[in-house]
Amino acid sequence: MRGEEPVVIEAFKVGALPEGSYDHLLEFLRLYRDALQMIVDRVWSINDKLSKKKLHKLFYNNLVSMGFRAHHAKEIYMYAKSLVDSAKSNGGRKPVLRKLSARVDRYDYKLDLDNMTLTLKLHNGCEARLKLVSSKERVEKFKGWGNYELVVKYDGSGFWVSIYFKRIVKVVKPRTAMSIDLNFDNITIAVFNFNGKLLKLKRFKTPHRKILTHRIWVERIQKRYPRSWRFIKSVKKAIDRHGERIRSISWDYAHKVGDLVAELALKHHSVIVLEDLEKLRENGKKGKRFNKRLGLWFYRRTQFCVEYEAKERNLKVVKINPRGTSSKCPRCGKKLAEYEHRVLRCRKCNFIGDRDAIAVINLYKKFISKYPRCGVPGVAPNAPKPNENPSGMQGKRDDAMKNTPTYINLYKS
Ligand SMILES: [Zn+2]
(Lines give C-alpha, C1' and ligand atoms only; values in the text may rest on other atoms or scores of the structure.)
Protein backbone atom coordinates (compact mmCIF):
# COMPACT_ATOMS: atom_id res chain seq x y z
CA MET A 1 0.00 0.00 0.00
CA ARG A 2 3.00 2.23 0.21
CA GLY A 3 5.48 3.53 -2.34
CA GLU A 4 2.97 5.45 -4.40
CA GLU A 5 4.20 8.59 -6.03
CA PRO A 6 2.28 11.50 -4.54
CA VAL A 7 2.83 13.61 -7.65
CA VAL A 8 1.07 13.32 -10.98
CA ILE A 9 2.66 14.91 -14.01
CA GLU A 10 0.82 15.35 -17.25
CA ALA A 11 1.81 17.05 -20.47
CA PHE A 12 -0.75 19.21 -22.15
CA LYS A 13 0.14 19.30 -25.83
CA VAL A 14 -1.53 22.00 -27.80
CA GLY A 15 -1.21 23.86 -31.09
CA ALA A 16 -0.20 27.51 -30.73
CA LEU A 17 -0.81 30.42 -33.07
CA PRO A 18 1.57 33.36 -32.77
CA GLU A 19 -0.14 36.72 -32.46
CA GLY A 20 1.55 38.93 -34.99
CA SER A 21 4.95 38.21 -36.44
CA TYR A 22 6.75 35.11 -35.32
CA ASP A 23 10.19 36.08 -36.64
CA HIS A 24 11.56 36.53 -33.14
CA LEU A 25 10.20 33.20 -32.02
CA LEU A 26 11.78 31.36 -34.94
CA GLU A 27 15.03 33.22 -34.36
CA PHE A 28 14.90 32.19 -30.72
CA LEU A 29 14.35 28.55 -31.59
CA ARG A 30 17.29 28.56 -34.03
CA LEU A 31 19.53 30.29 -31.55
CA TYR A 32 18.46 27.86 -28.85
CA ARG A 33 19.19 24.85 -31.04
CA ASP A 34 22.60 26.15 -32.05
CA ALA A 35 23.52 27.00 -28.47
CA LEU A 36 22.37 23.58 -27.35
CA GLN A 37 24.50 21.95 -30.03
CA MET A 38 27.50 24.00 -29.02
CA ILE A 39 27.18 22.91 -25.39
CA VAL A 40 26.58 19.30 -26.42
CA ASP A 41 29.81 19.41 -28.44
CA ARG A 42 31.78 20.79 -25.52
CA VAL A 43 30.29 18.48 -22.91
CA TRP A 44 30.88 15.54 -25.24
CA SER A 45 34.60 16.20 -25.34
CA ILE A 46 34.90 16.56 -21.57
CA ASN A 47 35.16 13.14 -20.01
CA ASP A 48 34.86 14.26 -16.41
CA LYS A 49 31.63 14.09 -14.52
CA LEU A 50 30.08 17.52 -14.66
CA SER A 51 28.16 18.80 -11.69
CA LYS A 52 25.51 21.46 -12.05
CA LYS A 53 27.87 23.93 -10.47
CA LYS A 54 30.62 23.08 -12.92
CA LEU A 55 28.25 23.35 -15.87
CA HIS A 56 27.16 26.76 -14.65
CA LYS A 57 30.72 27.94 -14.34
CA LEU A 58 31.66 26.69 -17.77
CA PHE A 59 28.70 27.84 -19.83
CA TYR A 60 26.51 30.36 -18.05
CA ASN A 61 28.30 33.58 -18.99
CA ASN A 62 28.75 32.41 -22.52
CA LEU A 63 25.05 31.71 -22.97
CA VAL A 64 23.95 34.93 -21.34
CA SER A 65 26.24 36.90 -23.62
CA MET A 66 24.40 35.32 -26.56
CA GLY A 67 21.26 37.04 -25.33
CA PHE A 68 19.67 34.26 -23.27
CA ARG A 69 17.97 34.86 -19.97
CA ALA A 70 19.33 33.27 -16.81
CA HIS A 71 16.84 30.39 -16.81
CA HIS A 72 17.25 29.79 -20.53
CA ALA A 73 20.95 29.27 -19.89
CA LYS A 74 20.26 26.83 -17.09
CA GLU A 75 17.79 24.85 -19.21
CA ILE A 76 20.25 24.69 -22.11
CA TYR A 77 23.24 23.36 -20.22
CA MET A 78 21.19 20.92 -18.17
CA TYR A 79 19.44 19.65 -21.27
CA ALA A 80 22.73 19.36 -23.16
CA LYS A 81 24.18 17.30 -20.34
CA SER A 82 21.20 14.94 -20.23
CA LEU A 83 21.43 14.46 -24.01
CA VAL A 84 25.12 13.60 -23.79
CA ASP A 85 24.64 11.33 -20.79
CA SER A 86 21.91 9.30 -22.42
CA ALA A 87 23.79 9.03 -25.74
CA LYS A 88 26.93 7.86 -23.96
CA SER A 89 25.14 5.38 -21.75
CA ASN A 90 23.51 3.85 -24.84
CA GLY A 91 26.86 3.70 -26.60
CA GLY A 92 25.47 6.07 -29.21
CA ARG A 93 27.08 8.83 -31.21
CA LYS A 94 27.24 12.49 -30.38
CA PRO A 95 23.75 13.96 -30.69
CA VAL A 96 23.13 16.19 -33.68
CA LEU A 97 20.21 18.56 -33.25
CA ARG A 98 18.10 19.46 -36.23
CA LYS A 99 14.65 20.09 -34.87
CA LEU A 100 13.56 23.48 -33.68
CA SER A 101 12.54 22.85 -30.14
CA ALA A 102 13.22 24.58 -26.85
CA ARG A 103 12.62 23.75 -23.22
CA VAL A 104 11.48 26.78 -21.32
CA ASP A 105 11.53 27.19 -17.58
CA ARG A 106 8.40 28.35 -15.77
CA TYR A 107 10.06 31.68 -14.97
CA ASP A 108 10.33 32.40 -18.67
CA TYR A 109 6.71 32.19 -19.66
CA LYS A 110 3.33 33.39 -18.56
CA LEU A 111 0.33 31.16 -19.02
CA ASP A 112 -3.23 32.39 -18.94
CA LEU A 113 -5.59 29.45 -19.19
CA ASP A 114 -8.70 31.61 -18.96
CA ASN A 115 -7.77 33.54 -22.06
CA MET A 116 -5.77 30.68 -23.58
CA THR A 117 -2.70 32.77 -24.14
CA LEU A 118 0.94 32.05 -23.60
CA THR A 119 3.64 34.69 -23.40
CA LEU A 120 7.17 33.45 -23.92
CA LYS A 121 10.18 35.43 -22.85
CA LEU A 122 12.79 35.16 -25.56
CA HIS A 123 16.38 36.26 -26.08
CA ASN A 124 17.48 39.89 -25.93
CA GLY A 125 14.38 40.93 -24.00
CA CYS A 126 11.94 39.96 -26.77
CA GLU A 127 8.58 38.37 -26.11
CA ALA A 128 6.22 36.24 -28.16
CA ARG A 129 2.51 35.92 -27.57
CA LEU A 130 0.74 32.78 -28.65
CA LYS A 131 -2.89 31.76 -28.71
CA LEU A 132 -3.41 28.19 -27.57
CA VAL A 133 -5.71 26.21 -29.80
CA SER A 134 -7.76 23.89 -27.64
CA SER A 135 -11.24 23.33 -26.34
CA LYS A 136 -12.24 24.77 -22.99
CA GLU A 137 -12.98 21.27 -21.71
CA ARG A 138 -9.44 20.03 -22.27
CA VAL A 139 -8.01 22.97 -20.38
CA GLU A 140 -10.46 22.87 -17.50
CA LYS A 141 -8.75 19.85 -16.02
CA PHE A 142 -5.45 21.64 -15.51
CA LYS A 143 -6.79 24.66 -13.71
CA GLY A 144 -5.49 24.48 -10.19
CA TRP A 145 -2.54 22.31 -11.19
CA GLY A 146 0.98 23.68 -11.01
CA ASN A 147 2.76 24.22 -14.30
CA TYR A 148 6.51 24.15 -14.31
CA GLU A 149 8.11 23.70 -17.66
CA LEU A 150 7.17 23.68 -21.30
CA VAL A 151 8.55 22.67 -24.64
CA VAL A 152 7.87 24.81 -27.67
CA LYS A 153 8.36 23.34 -31.14
CA TYR A 154 8.18 24.41 -34.73
CA ASP A 155 7.53 21.55 -37.15
CA GLY A 156 7.84 23.49 -40.39
CA SER A 157 4.16 24.32 -40.64
CA GLY A 158 3.20 25.47 -37.17
CA PHE A 159 4.02 25.80 -33.51
CA TRP A 160 3.29 23.27 -30.81
CA VAL A 161 3.56 23.66 -27.09
CA SER A 162 3.73 20.91 -24.47
CA ILE A 163 3.09 22.33 -21.05
CA TYR A 164 3.98 20.13 -18.11
CA PHE A 165 1.52 20.20 -15.27
CA LYS A 166 2.07 18.84 -11.84
CA ARG A 167 -0.43 17.95 -9.19
CA ILE A 168 0.14 16.65 -5.71
CA VAL A 169 -2.16 13.74 -5.22
CA LYS A 170 -3.66 13.33 -1.85
CA VAL A 171 -4.63 9.69 -1.94
CA VAL A 172 -7.83 9.03 -0.07
CA LYS A 173 -6.96 7.23 3.13
CA PRO A 174 -8.95 4.02 2.95
CA ARG A 175 -11.45 3.28 5.68
CA THR A 176 -13.06 0.33 3.92
CA ALA A 177 -12.25 -2.17 1.22
CA MET A 178 -14.41 -2.76 -1.81
CA SER A 179 -13.90 -6.08 -3.51
CA ILE A 180 -15.24 -6.61 -6.99
CA ASP A 181 -16.02 -9.85 -8.73
CA LEU A 182 -16.64 -9.97 -12.44
CA ASN A 183 -18.34 -12.83 -14.13
CA PHE A 184 -20.45 -13.52 -17.13
CA ASP A 185 -23.84 -12.46 -15.81
CA ASN A 186 -23.03 -9.86 -13.23
CA ILE A 187 -20.58 -7.77 -11.34
CA THR A 188 -20.71 -8.14 -7.58
CA ILE A 189 -19.45 -5.41 -5.32
CA ALA A 190 -18.96 -5.73 -1.59
CA VAL A 191 -17.79 -3.07 0.83
CA PHE A 192 -16.22 -4.29 4.08
CA ASN A 193 -14.80 -2.36 6.94
CA PHE A 194 -11.39 -3.48 8.16
CA ASN A 195 -12.93 -5.58 10.88
CA GLY A 196 -14.55 -7.71 8.24
CA LYS A 197 -18.05 -6.37 8.57
CA LEU A 198 -20.02 -6.19 5.37
CA LEU A 199 -21.38 -2.70 4.81
CA LYS A 200 -22.77 -2.94 1.34
CA LEU A 201 -23.45 -5.50 -1.32
CA LYS A 202 -24.47 -4.60 -4.81
CA ARG A 203 -24.85 -6.33 -8.11
CA PHE A 204 -24.90 -5.03 -11.62
CA LYS A 205 -26.04 -7.02 -14.57
CA THR A 206 -23.55 -7.26 -17.39
CA PRO A 207 -24.44 -6.97 -21.07
CA HIS A 208 -22.36 -10.03 -21.83
CA ARG A 209 -25.28 -12.09 -23.09
CA LYS A 210 -26.20 -9.36 -25.50
CA ILE A 211 -22.63 -9.12 -26.67
CA LEU A 212 -22.41 -12.84 -27.06
CA THR A 213 -25.46 -12.83 -29.31
CA HIS A 214 -23.73 -10.43 -31.67
CA ARG A 215 -20.60 -12.52 -31.47
CA ILE A 216 -22.52 -15.63 -32.42
CA TRP A 217 -24.06 -13.84 -35.37
CA VAL A 218 -20.62 -12.87 -36.58
CA GLU A 219 -19.35 -16.42 -36.22
CA ARG A 220 -22.33 -17.77 -38.11
CA ILE A 221 -21.81 -15.42 -41.00
CA GLN A 222 -18.11 -16.19 -41.08
CA LYS A 223 -18.84 -19.90 -41.14
CA ARG A 224 -21.23 -19.51 -44.01
CA TYR A 225 -18.62 -17.67 -46.05
CA PRO A 226 -15.35 -19.23 -45.02
CA ARG A 227 -12.31 -17.47 -46.47
CA SER A 228 -14.31 -15.16 -48.69
CA TRP A 229 -16.28 -13.04 -46.20
CA ARG A 230 -13.70 -10.30 -46.17
CA PHE A 231 -14.15 -9.74 -49.87
CA ILE A 232 -17.90 -9.73 -50.18
CA LYS A 233 -19.03 -6.21 -49.49
CA SER A 234 -22.46 -6.87 -48.04
CA VAL A 235 -21.17 -9.66 -45.81
CA LYS A 236 -18.34 -7.58 -44.51
CA LYS A 237 -20.78 -4.77 -43.84
CA ALA A 238 -23.01 -7.04 -41.79
CA ILE A 239 -20.05 -8.24 -39.75
CA ASP A 240 -18.86 -4.68 -39.19
CA ARG A 241 -22.31 -3.72 -37.98
CA HIS A 242 -22.26 -6.41 -35.31
CA GLY A 243 -18.72 -5.43 -34.38
CA GLU A 244 -19.82 -1.85 -34.00
CA ARG A 245 -22.67 -2.86 -31.71
CA ILE A 246 -20.33 -4.98 -29.60
CA ARG A 247 -17.91 -2.10 -29.24
CA SER A 248 -20.50 0.47 -28.29
CA ILE A 249 -22.34 -1.81 -25.85
CA SER A 250 -19.16 -2.77 -24.04
CA TRP A 251 -17.70 0.74 -23.86
CA ASP A 252 -20.97 2.28 -22.72
CA TYR A 253 -21.30 -0.33 -20.06
CA ALA A 254 -17.69 -0.15 -18.89
CA HIS A 255 -17.85 3.62 -18.55
CA LYS A 256 -21.12 3.54 -16.67
CA VAL A 257 -19.99 0.84 -14.27
CA GLY A 258 -16.57 2.43 -13.79
CA ASP A 259 -18.25 5.65 -12.80
CA LEU A 260 -20.82 4.03 -10.50
CA VAL A 261 -18.28 1.86 -8.74
CA ALA A 262 -15.79 4.67 -8.23
CA GLU A 263 -18.50 6.96 -6.87
CA LEU A 264 -19.56 4.31 -4.40
CA ALA A 265 -15.96 3.67 -3.40
CA LEU A 266 -15.42 7.37 -2.86
CA LYS A 267 -18.49 7.54 -0.67
CA HIS A 268 -17.15 4.72 1.50
CA HIS A 269 -13.50 5.81 1.34
CA SER A 270 -12.65 2.41 -0.08
CA VAL A 271 -9.53 0.86 -1.40
CA ILE A 272 -10.70 -1.00 -4.49
CA VAL A 273 -9.74 -4.66 -4.65
CA LEU A 274 -9.80 -6.18 -8.11
CA GLU A 275 -8.92 -9.58 -9.42
CA ASP A 276 -5.64 -9.67 -11.26
CA LEU A 277 -6.87 -10.92 -14.61
CA GLU A 278 -3.32 -11.55 -15.81
CA LYS A 279 -2.94 -14.09 -13.04
CA LEU A 280 -6.19 -15.64 -14.04
CA ARG A 281 -4.77 -16.55 -17.39
CA GLU A 282 -1.79 -18.18 -15.71
CA ASN A 283 -4.10 -20.20 -13.54
CA GLY A 284 -5.65 -21.41 -16.76
CA LYS A 285 -9.10 -21.63 -15.22
CA LYS A 286 -11.48 -19.12 -16.54
CA GLY A 287 -14.00 -21.38 -18.22
CA LYS A 288 -16.67 -21.47 -15.57
CA ARG A 289 -16.93 -17.86 -14.63
CA PHE A 290 -16.04 -16.27 -17.89
CA ASN A 291 -17.36 -17.28 -21.22
CA LYS A 292 -14.54 -18.54 -23.38
CA ARG A 293 -16.12 -17.27 -26.54
CA LEU A 294 -16.14 -13.78 -25.16
CA GLY A 295 -12.55 -13.77 -23.98
CA LEU A 296 -11.09 -11.82 -21.12
CA TRP A 297 -11.08 -8.69 -23.17
CA PHE A 298 -14.52 -7.56 -21.94
CA TYR A 299 -13.63 -8.04 -18.32
CA ARG A 300 -10.38 -6.17 -18.81
CA ARG A 301 -12.23 -3.27 -20.36
CA THR A 302 -14.55 -3.01 -17.38
CA GLN A 303 -11.62 -3.20 -14.99
CA PHE A 304 -9.81 -0.55 -16.97
CA CYS A 305 -12.69 1.86 -16.56
CA VAL A 306 -13.08 1.10 -12.86
CA GLU A 307 -9.39 1.69 -12.34
CA TYR A 308 -9.36 4.86 -14.39
CA GLU A 309 -12.34 6.37 -12.61
CA ALA A 310 -10.89 5.36 -9.24
CA LYS A 311 -7.59 7.05 -9.94
CA GLU A 312 -9.38 10.18 -11.08
CA ARG A 313 -10.88 10.25 -7.59
CA ASN A 314 -7.55 9.58 -5.87
CA LEU A 315 -8.63 6.16 -4.69
CA LYS A 316 -6.25 3.28 -4.24
CA VAL A 317 -6.60 0.23 -6.44
CA VAL A 318 -5.10 -3.13 -5.56
CA LYS A 319 -5.03 -6.26 -7.68
CA ILE A 320 -5.13 -9.68 -6.11
CA ASN A 321 -4.47 -13.07 -7.62
CA PRO A 322 -7.96 -14.58 -7.89
CA ARG A 323 -6.74 -18.14 -7.60
CA GLY A 324 -9.25 -20.13 -5.58
CA THR A 325 -11.47 -17.18 -4.79
CA SER A 326 -14.50 -18.66 -6.49
CA SER A 327 -14.00 -22.27 -5.45
CA LYS A 328 -12.77 -22.33 -1.87
CA CYS A 329 -14.71 -22.06 1.36
CA PRO A 330 -14.27 -18.59 2.89
CA ARG A 331 -14.58 -20.09 6.36
CA CYS A 332 -12.29 -23.11 6.31
CA GLY A 333 -10.55 -23.02 2.94
CA LYS A 334 -11.83 -26.40 1.68
CA LYS A 335 -12.95 -26.80 -1.89
CA LEU A 336 -16.64 -26.05 -2.28
CA ALA A 337 -19.12 -28.24 -4.07
CA GLU A 338 -22.15 -27.33 -6.16
CA TYR A 339 -25.29 -27.20 -4.01
CA GLU A 340 -27.91 -25.50 -6.09
CA HIS A 341 -27.77 -23.36 -9.15
CA ARG A 342 -25.07 -20.75 -8.46
CA VAL A 343 -24.93 -21.79 -4.81
CA LEU A 344 -21.97 -23.65 -3.32
CA ARG A 345 -21.60 -25.65 -0.14
CA CYS A 346 -18.65 -26.71 1.98
CA ARG A 347 -18.77 -30.38 2.91
CA LYS A 348 -16.45 -29.85 5.82
CA CYS A 349 -18.00 -26.94 7.71
CA ASN A 350 -21.40 -26.75 6.02
CA PHE A 351 -20.92 -23.22 4.82
CA ILE A 352 -23.41 -22.38 2.10
CA GLY A 353 -23.17 -19.37 -0.13
CA ASP A 354 -23.86 -17.73 -3.41
CA ARG A 355 -21.04 -18.12 -5.89
CA ASP A 356 -20.51 -14.38 -6.46
CA ALA A 357 -20.75 -13.54 -2.79
CA ILE A 358 -18.15 -16.16 -2.00
CA ALA A 359 -15.83 -14.63 -4.55
CA VAL A 360 -16.04 -11.13 -3.06
CA ILE A 361 -15.53 -12.42 0.50
CA ASN A 362 -12.52 -14.45 -0.54
CA LEU A 363 -11.11 -11.55 -2.47
CA TYR A 364 -11.47 -9.31 0.56
CA LYS A 365 -9.83 -11.93 2.79
CA LYS A 366 -6.91 -12.33 0.42
CA PHE A 367 -6.51 -8.58 0.34
CA ILE A 368 -6.49 -8.30 4.13
CA SER A 369 -3.89 -11.02 4.48
CA LYS A 370 -1.72 -9.45 1.80
CA TYR A 371 -2.05 -5.92 3.17
CA PRO A 372 -2.68 -6.45 6.88
CA ARG A 373 -1.71 -2.89 7.74
CA CYS A 374 -4.81 -1.61 6.03
CA GLY A 375 -6.86 -3.56 8.51
CA VAL A 376 -5.03 -2.41 11.60
CA PRO A 377 -5.39 1.33 11.81
CA GLY A 378 -2.85 3.22 13.87
CA VAL A 379 -0.17 0.55 13.73
CA ALA A 380 3.31 1.76 12.85
CA PRO A 381 4.46 0.94 9.32
CA ASN A 382 7.10 -1.52 10.52
CA ALA A 383 4.90 -3.37 12.96
CA PRO A 384 5.30 -7.15 12.97
CA LYS A 385 3.66 -9.11 10.21
CA PRO A 386 0.46 -10.96 11.11
CA ASN A 387 2.12 -14.36 11.32
CA GLU A 388 4.70 -12.97 13.71
CA ASN A 389 1.93 -11.70 15.89
CA PRO A 390 -0.93 -14.07 15.33
CA SER A 391 -3.08 -13.08 18.27
CA GLY A 392 -3.74 -9.54 17.07
CA MET A 393 -4.62 -10.43 13.51
CA GLN A 394 -6.51 -13.57 14.27
CA GLY A 395 -9.14 -11.61 16.12
CA LYS A 396 -9.78 -9.50 13.07
CA ARG A 397 -10.14 -12.50 10.83
CA ASP A 398 -12.54 -14.19 13.14
CA ASP A 399 -14.62 -11.07 13.02
CA ALA A 400 -14.66 -11.33 9.26
CA MET A 401 -16.22 -14.74 9.54
CA LYS A 402 -18.64 -13.87 12.28
CA ASN A 403 -20.25 -11.39 10.00
CA THR A 404 -20.48 -13.41 6.86
CA PRO A 405 -23.19 -15.93 7.77
CA THR A 406 -25.87 -13.30 8.32
CA TYR A 407 -25.26 -11.98 4.92
CA ILE A 408 -24.89 -15.29 3.21
CA ASN A 409 -28.30 -16.22 4.54
CA LEU A 410 -29.77 -13.42 2.51
CA TYR A 411 -28.69 -15.34 -0.49
CA LYS A 412 -29.89 -18.72 0.62
CA SER A 413 -33.50 -17.78 1.00
ZN1 LIG B 1 -15.78 -24.74 5.02
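Leaving aside neighbours within four places in sequence, methionine 178 is in contact with Ile189, Ala190, Val191, Ala265, His268, Ser270, Ile272 and Val273, where contact means that the C-beta atoms of two residues, placed from the backbone, lie within 7 Å. Residues are numbered from 1 along each chain as its sequence is written. The model is predicted, and local features need pLDDT of at least 70, side-chain atom pairs count only at pLDDT 80 or more, while totals for chains, interfaces and linings use all residues.

Met178 is also among the residues with the most contacts inside the largest nonpolar core, which has 44 residues. Such a core is a set of buried Ala, Val, Leu, Ile, Met, Phe, Trp, Tyr and Cys residues joined through C-beta atoms within 7 Å, and a residue is buried if 20 or more other C-beta atoms lie within 10 Å of its own. The elements giving two or more residues to this core include β8 (176-182), β9 (186-193) and α9 (355-370); helices (H or I, at least four residues) and strands (E, at least two) are DSSP runs, numbered from the N terminus. The largest share, nine residues, comes from α9.

Five strands form an open sheet of mixed pairing, in the order β10-β9-β8-β11-β12, and two strands pair if DSSP finds at least two bridges between them. Because β10 (198-205) and β12 (317-320) stand at the edges with a single partner strand each, one side of each is left without a neighbour in the sheet. Seven bridges join β9 to β10, which run antiparallel, and valine 191 stands opposite lysine 200 in β10.

Note on methods. A residue is buried if 20 or more other C-beta atoms lie within 10 Å of its own, exposed if 12 or fewer, and partly exposed in between; C-beta atoms are placed from the backbone.
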